[in-house]
Amino acid sequence: MSNGKPDYYHGMDAQSLKWSFQDNLEFALAVDGLTVSDLDRFTATALTVRDRIIERWLCTQDTYNKVDAKRVYYLSMEFLMGRTLGNSLVNLDLERELSEALRSLGLELEHIRAVEWDAGLGNGGLGRLAACFLDSMATLQIPGHGYGIRYEYGIFHQRIKGGVQVEQPDNWLRNGNPWEISRPQRLYPVRYYGRVLQYTDRRGKIVNEWLETDDVMAMAHDTPIPGYKTNTVNTLRLWSAKATREFDFSQFNAGDYIAAVRSKTESETISKVLYPNDNRVSGKELRLKQEYFFVSASLQDIIVRYKKHHDTFDDFADKVAIQLNDTHPAIAIAELMRLLVDRERLSWEHAWELTVACFGYTNHTVLPEALEKWSVDLIGKVLPRHLLVIYEINHRFLGQVRASHPNDPSRCARMSIIEEPDTADGQKFVRMAHLAIVGSHSVNGVSALHSEILKREVFSDFVDMYPNRFNNKTNGITQRRWLKLCNPGLSNLITSRIGEGWTTNLDELRALGGHVEDAGFREEWQRVKLENKRALAGIIERDRKVTADPESMFDVQIKRLHDYKRQLMNALHVVALYNEIRENPSGTFVPRTVIFGGKAAPGYARAKLTIRLINAIADVVNRDPITRDRLKCVFLPNYNVSLAEEIIPGSDLSEQISQAGKEASGTGNMKFALNGALTIGTLDGANVEIREEVGDENIFIFGLTAEQVDELQPRYVPRAFYEGDERLRQVIDMIHAGYFSPLDREVFHPITDFLLNEDTFMVLADFAAYVDCQHEVDRVFTDRDEWARRAIRNVAAMGKFSSDRTIREYSDEVWGTRKVEVELTKRR
């Protein structure tokens, strides 16, 4: 005991939490009642929760070490974690007790939670999926580690000025990060440039020495990832770049003060910002250096951890599973070979056997521009040893291809890791996806449709060669964050009827099907939805100064801006609705509030112009006295995880309208459906499987299928659809004529020209079907009771889409890992 207080650092009761909070304010932050700020209160709260996590964290690592568990290492360029406090409280089951402790001090937990800055270390679905997977691994008690980059600046902060996206730096670390533990002693050198000296040693073995390199140090920063109501706490380890020399005294003494710190500045640029603009050569080089930086540090760390328990590499593949989250970390294949052959002195054959056995590769896209390729010249400059490794891998691989298909020389060209130029003066490229496939024992897509397209079209030659290597792992989401945390009203209603087993077994939601015809339950369901919509209307009023009627249909599309996601089609539909109302002002229309959100990449001009168009349409629609009580349009700025948690519970209609065959999976579709929104969408990505689960009558499907898209593509003439559809022609003509941009009537010509002459993702081909489907949406929404029935059926059918299910499949079918239970032991 201390000062009459028991050992309360481990206590989970309100009084212990109160004492911890007060001590952290005083002793960790050195503030008193006169100087304390909201940030201080948040930080003290986070440290109070972290104390409880750390006890479990240490026990978890002790347990893994004692049983020498096989561990999963999840390599991802992105981890879109969002805010940590709320999720930690849910998983530790501490929310009620902490709320009580803070209220006793005159504080509100929700106010403190709002102070936390989103950890926006990702661009969208890829990073959010990685975060969900970490949550599920810890909840399922699977030994897992995430590895990535501790970007000093995350995804940019988006402001809307004059309807235009303006990017501002997201300095998420400005106020510190109370969740992480920095490990300055955990440093690894990462090497770039230089030259390779190749010679034969006395035993006749070829040796490669990588000389005269520029080195950067990778420093570890660890964040604990607690499981839901378990003692397991796994680790997210993010690397920051540090200079090997902080300061050059010779240059300083010579008076060149800028040059004295130049090395430090250039080195630490590597972890400075998420996704540098790679439209320039310097941007591409930095991006490659980022990918190699975290991969090299992570693999060195994995090997060090393995060698603590093993003297040889004979058991390496039995203790190590490495999952590549998309193609970005694919250089890991070459790096592990370099480490095993050059540093650990394994034979090439043994090293390759271990490499293939350890790696699994998840592909997240069929878009050609996202299947990374690096020029041979760039890799040769930045990573000269790795280029030699890749050439050797490719040489041996093509030998196998020739042996299995001796009469098919074109197959070697198609499958080669090295893409030869079409012309004599063209560039050679390294196909990173091919490297990942050749160097992994498992290759998976992330929805049934996506995996089938990969096998049938994108990688068919590889499927022919490695038929057992390809599989599907449909993505999922964690129901703890995306229902229990973000939608407490609906979560509590569900639990009151079927119990809380769904939090760890989402299939238990099936029991909701028995309540569909319960009028009292439907009434409560609609009450919860209306409360959520009122909260969302408040956000719209606060951020956009637009009054949204909670009784109107909240029609929502929130996702990264990209042509294939077809925000343009949604915008065209808003204009079509506007025209319908204006042409028949005395008609009956379903009131609708169309809500957009999402960020456009800074260098993606058309996506940014699409945001400007949406805001221009909103300005006209929202001010028109004929339409403003029946149609509203808003673009909510700075879409991130926390904003999604506020928008999704209040949504009625979920827009999942990408061109069929282009969205690998999508997880936004799952989050909306889990929160009782009905989906309007194409048969793309996981929409296909959602339809299978919820039934045709509980989802609104329209548009061309992936097969129909492929059949139409060679002869697609978008202008023919424009000329054949009066509604569409009127909409495009209005935009082109400057109806929504009277001060600059040509500003949207790049969009209308693109739609009429290219329309890469067939917006015009699907427009009529989309509008007709929206009319059906209106018809059903007028019967609020029927809408509630369909919403309940959607939630009841979401069991398949838990990330827990996805992780179980990875664990059983790819990683070969097992559950390791952790017992809390007294450490002092």
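Predicted model: local features only at pLDDT ≥ 70, side-chain atom pairs only at ≥ 80, totals over all residues.
**Entry 1: salt bridges overall**

I began with the total. The structure holds 66 salt bridges. I then picked out a few to look at one by one.

**Entry 2: Asp38 and Arg41**

I looked up a pair within one helix. The side chains of Asp38 and Arg41 form a salt bridge, with an N to O distance of 3.1 Å. Both residues belong to helix 2, residues 38-67. They sit three residues apart there, so about one helical turn separates them. I checked accessibility next. Asp38 has 35% relative accessibility and counts as partly exposed. Arg41, at 22%, is also partly exposed, because the buried class ends under 20%.

**Entry 3: Arg592 and its two aspartates**

Which residue forms a salt bridge with Asp555? I found Arg592, with the closest N and O atoms 2.8 Å apart. Asp555 lies in strand 19 (residues 553-558) and Arg592 in strand 20 (residues 592-597), so this pair ties together parts 37 residues apart in sequence. Asp555 and Arg592 are both buried.

Asp778 lies in helix 32 (residues 763-781), so the contact with strand 20 ties together parts 186 residues apart in sequence. Arg592 has 2% relative accessibility and counts as buried. Asp778 is buried at 13%.

**Entry 4: a network**

I noted one linked group of salt bridges. Its residues are Glu517, Arg522, Asp785, Glu786, Arg789, Arg790 and Arg793.

**Entry 5: strand 22**

Are the faces of strand 22 covered or open? I find both covered. The strand spans residues 653-656. Leu653 and Glu655 are on one side, Ser654 and Gln656 on the other, and all are buried.

Next I traced the neighbours. Strand 19, which holds Asp555, runs parallel to strand 22 and is joined to it by two bridges. Val556 stands opposite Ser654 of strand 22. Strand 23 (residues 678-681) also pairs with strand 22 in the parallel sense, over four bridges. There, Ile680 in strand 23 is the bridge partner of Glu655.

Strand 22, helix 26 (residues 668-674) and strand 23 make a β-α-β unit. I logged its hand as right-handed.

Definitions and conventions: Residues numbered from 1 in each chain as written. Heavy atoms only, no water. Salt bridge = Lys/Arg side-chain N within 4 Å of Asp/Glu carboxyl O. Buried < 20%, exposed > 50% of the residue type's maximum accessible area, 1.4 Å probe, protein only. Pairing = 2+ DSSP bridges. Right-handed = clockwise from strand over helix to strand, strands pointing away.
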